Amino acid sequence: MLDAAPQTGRRKLVEVAGLKMYFPITAGIFRTKVGDVKAVDNVSFDIYEGETLGLVGESGCGKSTCGRVILRLYDPTAGSIRIDGREIAASAQSDLRTMRPTMQMVFQDPQASLNPRMTVAAIIGEPLEEHTNLSKAEKLARIYELMDQVGLNRNFANRYPHEFSGGQRQRIGIARALALNPKFIVCDEPIAALDVSIQAQVVNLLEELQDRLGLTYLFISHDLSMVRHIADRVAVMYLGQIAELAPRDDLYATPLHPYTQALLSAVPEPDPDVETERGRIILTGDVPSPANPPEGCNFCTRCPKVMEICKTVEPAFREVAPGRFTACHLYDDTKTTAGVTAAYEASKSIQQGV
Amino acid sequence: MTDLAAQKVDQALKPPRNQWWDVWDQFKTHKGALVGLFILAAILLAVTIGPWIWSIDPTYVDIRARNQGPSGAHPFGTDQLGRDLLARLMAGGKVSIAVGLTAMLLSLFLGTLIGVVAGFFKRAEGLLMGLTDLFLSLPLLPLLLLMVTLFREPLSQRFGPETGIFFLIVFAIGVTSWMQTARIVRGEVLALKEREYVLAARSIGTPSRRMVLRHILPNVMSPIMVSATLGIANAIITESALSFLGLGFPPDFPTWGRILFDAVDQMQLYPIRVILPGVAISLTVLSVNYIGDGLRDALDPRIRGR
């Protein structure tokens, strides 16, 4: 958002530290564990109250898993998750139940995330059914209020999900997430399955709701332009780890991590002159398997600026400039206070050396 | 979307209608299901109210009137002992349908319960599916025979010969026919469990119990419905087989299966005695099948209203 206030001094609503989510790989007759898929590997970030943190990365890099683990839809392997000051990484599902109204989720596929055998009223009413003791009439009033909020006609309350378009279904999903007045919503690629014209509507609806209700979003997406539009800060994920985390404008203007640079260079430019001029960083090779990530830096197999140290030592995820975090050996020598541009220049010279 | 603010002021805002009305509306459009419902109702009426109107005792032996064809005194004729076939069919139908329905309900309940628990709770899966495979691998007929021989006496003494055997047969058929349902349901549940709306329910904080009732069960309705309709037929036929082997109800106690197998000896002389109970069984099974079909369509909102 353009009116984003300075981040310092604001309350942290979500604090994630050292989060790991490994899915076991089993093999053989006895289903013995032979390894792990490291879907989320040592991820740390904070989300301030009222802001939108964009989480971007290519398919399969662990974005969605990360979002789901934060809401404890999966049980994390290690790490801590604090939401609204409460540690939830290890609490039992029954204890989590009381926390659920604070944190909600909007899903990627609006078709799959709505039960085909429930009416819209029943779908939106499910959270109310679970967490409130409203009477039937009060519940219906609240359902209508929510449908108004997301711009759905009240007459649709008795219809079933298959009778709606994709954008309308996503609105139903958003209304369900809003039902309990949550503070924090994980938007798991809410626009990926929608038409481009509908995408803008849904994103604008999300922004409008954020302004009105003071919501905090974790916005997961692989659409860099959309994230640029909605997010206050952006985290870039690669192979289960966060490569870079920075305020939106800084990240898009001067990306630090070579992966971010490559990712941003892939965004098409509407101006044809600029588009032809623009240098495109083309990565070679494939993403390594998350079951067997490379030693050292996860990106070292494809990095255009790879150094010897990258192949042996894992870079620490640290603050290289105020508010800008990255995990890259290119910035090892920079102090937290050092100018970013210097580091950026340094990285360029290394590229020439390669 | 064009329906944003303009349509907010609404004229005819109806509160959500009870969805069973929609189900009934859709059911009415299914011709086969309506015919099936009509036939089943007729059969049920015949076997419940019929004996009051046609008051000949189905076990009354009139040896001089044996092997008669259809006549005014005996519309369906008589059997080799001179018992009235119409009265026997009505009395037998009551037992056969009761056995079929109860055994089907029992096997459906067991199959759905085990299937859902095995599919939804990973910890229970190994044990329950092992149990299912165990039951599948048992030779059923010898098992049924063994159960009947072992438990017939004690149950007869406890509840009287007819009720005792009724319980025994329903139980025997129920516990030996739930495995197919369990396997099908488990497969469906495994697929449904990974759907995003189940994940959404978990993010809302819906406990597993209500998740199963609200999201899983309504969506496994179709396969359950199909096994239910097939289950009735299976139960009636298994009961016939048991009666045929002399291990079901007492020999003079009429059931459709019993009447059928009594008539098989003289099938070439008196084919009508085979045809009538056979048609009764087929009609019941067929009408239940069609009702199940219509119900399954009516319960699916995606098909409803089409």
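Predicted model: local features only at pLDDT ≥ 70, side-chain atom pairs only at ≥ 80, totals over all residues.

Reply: Among contacts in chain B between residues at least 6 apart in sequence, 70% link residues that are at least 24 apart. Chain B has twelve helices and zero strands, and from the N terminus on its elements run α-α-α-α-α-α-α-α-α-α-α-α. Taken along the principal axes, the C-alpha atoms of chain B fill a box of roughly 85 × 50 × 35 Å. Of its 306 residues, 40% count as buried.

Now for the close look, which takes us to chain A. Two packed helices are described by the angle between their axes and the distance between the axes. Here the pair is helix α3 (residues 120-131) of chain A and helix α5 (residues 166-178) of chain A, whose axes come within 7 Å and cross at roughly 30°. Angles under 35 degrees count as roughly parallel, and therefore α3(A) is roughly parallel to α5(A). The crossing of α3(A) and α5(A) is right-handed.

Which residues make the contact? On the side of α3(A) they are A:V120, A:I123, A:I124, A:E126 and A:P127, and α5(A) contributes A:I172, A:A175 and A:R176. Sorted by class, the contact of α3(A) with α5(A) has six nonpolar and two charged residues, with no polar ones.

Methods:
Residues numbered from 1 in each chain as written. Chains lettered and ligands numbered in written order. Axes fitted to C-alpha atoms, helices over the stretch in contact; angles between N-to-C directions. Helix = DSSP H or I, 4+ residues; strand = E, 2+ residues; numbered from the N terminus. Parallel < 35°, antiparallel > 145°, perpendicular 65-115°, else oblique. Left-handed = near helix turned anticlockwise from the far one by under 90°. Contact = placed C-beta atoms within 7 Å. Nonpolar A, V, L, I, M, F, W, Y, C, P; charged D, E, K, R; others polar. Buried ≥ 20, exposed ≤ 12 C-beta atoms within 10 Å, placed from the backbone.
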